[in-house]
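Please read them with the structure open.

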Amino acid sequence: MELPSGLMAALKNAEKVLMLTGAGMSAESGVPTFRDAQTGLWEKFRAEDLATPEAFRAHPQLVWDWYTERRNKIRHVSPHAGHFALVEMEQYFETLLLVTQNVDSLHQLAGSTEVIELHGNIMLSICSETGQQIDDRWIRTEPGRPPRSPHHPQGLARPAVVWFGEELPAGSMKRATAEALSCDVCFSIGTSTLVQPAASLPFIALDSGAIVIEINPNPTALSSKAHFSLQTTAAEVLPTIAADLAGRK
Ligand code: OAD
């Protein structure tokens, strides 16, 4: 795809870059986007209704099994060219902070230096009562779906993800907001820009005078406000941007 010339000029002059990514970033690695994830057994449930503390309290086995299926999928996927392009782009800016809503570790696997995981990490487990992390060996050997927690008599193991209505990891949003307020360029990649507070970040950047670039094959609430709205996929366009930067910076 031909890149708008204004976009590359903005990147050439940028020193601080913020990258917000969402489920669409992982789609080309084979991880279904959050709102497309309901296939097969899960068709009759809305993802939004399973990803809540109330659902876990009422139906711990159902929620645990849903996450087990998602974990099993994620174990077998790898980063794509778009993830690697983001790693490559780090060298061209003074700072490049990656803030992701994804819980699949694909940015870290690709080699991104610093990743803020706003919504936690699906491969880790924590105690439902204390929030303490539970060792993976315990999860593999302890019977039960979910296994009981070693940290509390009433505790159960649950995935270390942020559910609807729960707080984001301490400090993560504060750091991301500070970056949104001070960055020169903010990318919003593969996110429906629906779930707060993450969705506010590109709008904060816009209001603070940053150039905002959206990458999403489908329009979102951000599309008409962003300086550049690239209606394409992450794996398609990010390597082109990285290659163009290599020639310019
Ligand atoms: P969504 O599933 O809401 O949106 C995915 C977005 O990616 C959509 O706008 C798609 O058009 C776009 N998309 C699909 N394929 C793409 C591709 N190859 N390249 C680029 N974009 C593509 O996912 P999120 O916005 O990440 O949180 O959802 C935010 C949060 O909602 C999730 O982190 C999850 C859920 O609540 C929690 O579980 C706390």
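A salt bridge is counted where a side-chain nitrogen of Lys or Arg lies within 4 Å of a carboxyl oxygen of Asp or Glu. The model discussed here is a predicted one.

1. Number of salt bridges. The structure holds 10 salt bridges.

2. K16 and E179. K16 is partly exposed, at a relative accessible area of 24%. E179 has a relative accessible area of 8% and is buried, because buried means under 20%.

3. R57 and E54. Here too a salt bridge is found, at 4.0 Å from N to O. Both residues sit in helix 4 (residues 53-58), and their spacing of 3 residues is about one turn of the helix. R57 has a relative accessible area of 62% and is exposed, because exposed means over 50%. E54, at 47%, is partly exposed.

4. R158 and E166. Which of these two residues is buried, and which is partly exposed? R158 is the buried residue, with a relative accessible area of 8%, while E166 counts as partly exposed at 26%. Their side chains meet in a salt bridge of 2.8 Å, N to O.

5. How helix 1 and helix 11 cross. The axes of helix 1 (residues 5-13) and helix 11 (residues 234-248) come within 11 Å of each other and cross at roughly 60°. The two helices are therefore oblique to each other. The crossing of helix 1 past helix 11 is right-handed.

6. Residues in the helix contact. Which residues of helix 1 and helix 11 meet? From helix 1 come M8, A9, L11 and K12, and from helix 11 come I241, D244, L245 and R248. Sorted by class, this contact has 5 nonpolar and 3 charged residues, and no polar ones.

7. Points to check on the display. Then find R57 and E54, which both lie in helix 4. Last, look at the place where helix 1 passes helix 11 in a right-handed crossing.

Notes. Residues are numbered from 1 along each chain as its sequence is written. This is a predicted model: local features need pLDDT of at least 70, side-chain atom pairs count only at pLDDT 80 or more; totals for chains, interfaces and linings use all residues. Side-chain values use heavy atoms; hydrogens and water are left out. Buried means under 20% relative accessible area, exposed over 50%, partly exposed in between (1.4 Å probe, protein chains only). Helices (H or I, at least four residues) and strands (E, at least two) are DSSP runs, numbered from the N terminus. Axes are lines fitted to C-alpha atoms, for helices over the stretch in contact, and angles run from 0 to 180 degrees between N-to-C directions. Angles under 35 degrees count as roughly parallel, over 145 as roughly antiparallel, 65 to 115 as roughly perpendicular and the rest as oblique. A crossing is left-handed if the near helix is turned anticlockwise from the far one by less than a right angle, and right-handed if clockwise. Contact means heavy atoms within 4.5 Å. Ala, Val, Leu, Ile, Met, Phe, Trp, Tyr, Cys and Pro count as nonpolar, Asp, Glu, Lys and Arg as charged, and the others, Gly among them, as polar.
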